[in-house]
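Please keep the sequence and the structure in view while reading.

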Amino acid sequence: MRNIISFMHISLDGFVAGPNGEMDWIKANEEIFDYVGKRISECDTALYGRVTYQMMENYWPTAADKPTATRHDIEHSRWYRKVNKLVLSKTMKDEGLTNTKIISDNLKDRINELKQSRPSSGASGSNEILLFGSPTATHSLIQQNLIDGYWLFVNPIILGRGIPLFVDIKEKIKLKLLNTRPFTCGVTELNYIVNRP
């Protein structure tokens, strides 16, 4: 069984973006990039909402080719180009997209099928499917009880308003804390799994 893990930067007051989707408040440095890079390098499947996917597609496929590319740009660009990408969208089509499939309907069934699938033979044994950012997609998956864990990077800021991570929660979601880690830039990692009966 594979687990869907929501990977998000979040403000102390629970927002994942500003009111207009702003993310300029997110702190990230080489320490965080290296730490995150190790975990995602073992993952063979990434899950995105449409908006986040289009943002990623506009940058990562060619990020390593830029003369100013950092080590992180090069490593993440290589990973992004080879990883299997799944996009939750009712409007996109997957013709002509590289390593990308669109999930447009039967969300619960399609995600549950995905959870039952095996990692690709080139994967390092990770049974995680990482859901990157994508607040709208995350909200849809939370409402159908399809998220198995939260990998949160709490930024030292209170936004006051914006797009919250958790909305319209109908029932309590019990979590088990796996680990925490503070970073020198002031961000704290919280790594939870959903504690299902």
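Which elements do the buried residues of helix 3 pack against? The buried residues of helix 3 pack against helix 1 (30-41), strand 3, helix 2, strand 4 and strand 6. This is a predicted model, in which local features need pLDDT of at least 70, side-chain atom pairs count only at pLDDT 80 or more, and totals for chains, interfaces and linings use all residues. Residues are numbered from 1 along each chain as its sequence is written, and side-chain values use heavy atoms, without hydrogens and water.

**Helix 3**
- Helices (H or I, at least four residues) and strands (E, at least two) are DSSP runs, numbered from the N terminus.
- Helix 3 has twelve residues and spans 17 Å from its first C-alpha to its last, close to the 16 Å expected at 1.5 Å a residue (1.5 Å times one less than its number of residues).
- His72, Asp73, His76, Ser77, Trp79 and Tyr80 of helix 3 are buried (buried means under 20% relative accessible area, exposed over 50%, partly exposed in between, with a 1.4 Å probe and protein chains only).
- Seen down the axis, these buried residues fall within an arc of 165 degrees, so they line one face of helix 3; the arc is that of the directions from the helix axis to the C-beta atoms.
- The exposed residues Arg78 and Lys82 are on the face of helix 3 turned away from its buried side.

**Helix 2**
- In helix 2 (residues 50-57), the buried residues are Thr52, Tyr53 and Met56.
- They cover an arc of only 100 degrees around the axis, which puts them on the same side of helix 2.

**Asn84**
- Asn84 lies in strand 4 and is partly exposed, with a relative accessible area of 33%.
- Leaving aside neighbours within four places in sequence, Asn84 is in contact (heavy atoms within 4.5 Å) with Asp44, Thr45, Ala46 and Asn99.
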